[in-house]
Amino acid sequence: MTDKTKITLTVNGTGHAIDVAPRKTLADALREDCGLTGTHLGCEHGVCGACTITVDGAPVRSCLMFAVQAEGADIRTVEGLANGPDLSPLQQFFIEEHALQCGFCTPGFLMLIDGTLKQSPDITDDELTEILSSNLCRCTGYRNIIRAARRALDHARTTTEPAA
Amino acid sequence: MKPAPFAYYRPTSLEDAAARLAEGVDDGAMILAGGQSLVPMMALRVAYPSELIDLNVLPDLGTPFIDGTALVVPALTRHASFHKADPAFGVTGRMMAEVVRHIAHYPIRQRGTFCGSLAHADPSSEWALTANVLGAELELLSTRGTRRVPIADWCDGAMSTTREPDEILVATHLPLLSETTRTGFCEISRRAGDFALGMALVAIEVQGDTITAARVGLGGIEDAPRRIAEAEAELIGQPATPDTFAKAADAAMAVVEAMGDATTPPEYRRDLAGTVIRRALAQAIA
């Protein structure tokens with residue numbers, strides 16, 4: 001059936017009962033049906049990385065999954081990083097290192113880095129830099145994003161708590 | 001940039017998926033695995049399946065395993081499964097861990113699948129190149145039963161394979177390399193994670209200073225990756241030196257039918273074929 005079906009998405013630990021057609025991407029469902037507009041859409045075909053979120057711990061492009069595929073999965077978006085008014089260490093590092101200017105790509109970068117460090121806290125600086133090539137940023141020239149990400153990696157190595 | 005409407009089906013088994021595909025294929029039903037090529041094509045309205053049969057709901061199709069002397073890669077093994085070389089996969093696993101870093105980007109590799117890459121058959125597929133060098137067999141399932149296709153009979157030009165429309169690629173069988181094999185890989189692309197303009201994957205055996213066995217695979221240059229027998233012939237029985245590698249590269253450049261596009265003329269790709277073969281061979285003996 002191409003008609004809408006009822007599904008429940010679990011986003012940042014909260015259930016969202018929504019009604020979506022199969023063709024609705026997870027990114028669009030998050031923004032339009034769950035009201036979580038922190039996830040941005042740039043290219044809508046997997047190239048820019050602005051829509052990166054984590055699904056069951058893996059950083060993925062939410063424009064390349066359909067919402068119906070994500071039922072039952074643990075979905076994490078940028079809205080889930082901060083604890084109330086307290087930013088996560090990674091978010092704080094982004095501010096301190098001036099790792100954003102216009103901010104459009106920022107949610108995707110934050111989730112890419114957060115997901116990667118939780119998945120592989122033992123990666124090297126060089127591997128992390130390579131992973132940052134996954135997403136496009138047209139403002140910063142990447143140097144500041146790399147600095148913020150490396151501070152998050154150092155933080156992950158030196159604390160028992162998750163980096164972000 | 002929104003996919004056209006389609007129906008969505010959750011199969012209960014691979015057999016159920018094959019039955020559903022047989023039923024709907026004439027109307028445009030398709031298999032959905034990782035979706036990292038299919039979904040962009042749907043967004044661009046290059047693909048508009050009537051129904052997607054989602055293999056992701058099926059259990060136990062994700063983990064590659066050893067069967068005798070082959071590495072078996074089931075339908076849902078993600079690219080990311082090969083990020084860390086499994087010691088049980090030996091030289092083959094280490095080679096694949098090197099190759100996988102060149103496939104798209106990290107988040108794409110979390111979803112995209114090995115078998116999906118072979119089914120999609122992009123000329124610059126790193127896994128199609130790997131399958132050629134390893135001499136893979138592809139296991140296909142339909143309501144008519146299963147059959148195996150050697151990789152040499154698989155690619156049928158760019159983005160085209162000899163798969164029948166109602167068949168599902170359920171596993172790829174990769175014969176393991178011997179533990180004395182030395183491998184090298186070189187890929188050139190315009191940007192990190194972009195499609196390969198040219199790439200070479202080589203596997204050679206060296207005894208003393210002499211090359212005793214050689215496989216030279218080339219991808220991204222022609223309309224499908226393949227081994228280049230003329231280059232391999234220049235290596236066998238010869239010393240493993242830059243001179244020998246240059247002769248192998250020249251032999252490949254003489255026979256390839258290089259693709260051209262708006263920004264990359266065939267002459268450029270032909271030249272690149274030589275470069276990536278020389279570099280991959282140098283890496284193999286480094």
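This briefing describes the sheets, the helix packing and the overall dimensions of the model.

The model is predicted: local features require pLDDT of at least 70, side-chain atom pairs count only at pLDDT 80 or more, and totals for chains, interfaces and linings use all residues. Residues are numbered from 1 along each chain as its sequence is written, chains are lettered from A and ligands numbered from 1 in the order in which they are written, and side-chain values use heavy atoms, with hydrogens and water left out. Chain A contains five helices and five strands; helices (H or I, at least four residues) and strands (E, at least two) are DSSP runs, numbered from the N terminus.

**Chain A: overall form**

- Read from the N terminus, the elements of chain A follow the order β-β-α-β-β-β-α-α-α-α.
- Along the principal axes, the C-alpha atoms of chain A fill a box of roughly 50 × 35 × 30 Å.

**Chain A: sheet and the helices on it**

- Five strands of chain A form an open sheet in the order β2-β1-β5-β3-β4, with mixed pairing; two strands pair if DSSP finds at least two bridges between them.
- The edges are held by β2 (14–20) and β4 (58–61) of chain A, each with a single partner strand, so one side of each lacks a neighbour in the sheet.
- From one strand to the next, the twist averages 40 degrees; axes are lines fitted to C-alpha atoms, for helices over the stretch in contact, and angles run from 0 to 180 degrees between N-to-C directions.
- Strand β1 (residues 5–11) of chain A runs antiparallel to β2(A), and seven bridges join them; A:Ile7 has A:Ile18 as its bridge partner in β2(A).
- Helix α1 (residues 26–33) of chain A packs on the sheet and touches β1, β2, β3 (52–55) and β5 (74–76) of chain A, with its direction at about 105 degrees to that of β2(A); contact means heavy atoms within 4.5 Å.
- Helix α3 (residues 106–119) of chain A lies across β3, β4 and β5 of chain A and runs at about 35 degrees to β3(A).

**Chain A: helix pair**

- The axes of helix α4 (residues 125–132) and helix α5 (residues 143–158) of chain A come within 10 Å and cross at roughly 135 degrees.
- This angle makes α4(A) oblique to α5(A); angles under 35 degrees count as roughly parallel, over 145 as roughly antiparallel, 65 to 115 as roughly perpendicular and the rest as oblique.
- The contact residues include A:Leu128 and A:Leu132 of α4(A) and A:Ile146 and A:Leu153 of α5(A).

**Chain B: sheet and helix pair**

- An open sheet of five strands in chain B has the order β4-β5-β8-β6-β7, with antiparallel pairing.
- At its edges stand β4 (65–67) and β7 (145–150) of chain B, each with a single partner strand, so one side of each has no neighbour in the sheet.
- Five bridges connect the antiparallel strands β5 (residues 70–74) and β8 (residues 168–175) of chain B, and B:Ala70 stands opposite B:Pro175 in β8(B).
- The axes of helix α8 (residues 242–255) and helix α9 (residues 266–285) of chain B come within 8 Å and cross at roughly 150 degrees, which makes α8(B) roughly antiparallel to α9(B).
- Among the residues that make this contact are B:Phe245 and B:Met253 of α8(B) and B:Ile277 and B:Leu281 of α9(B).
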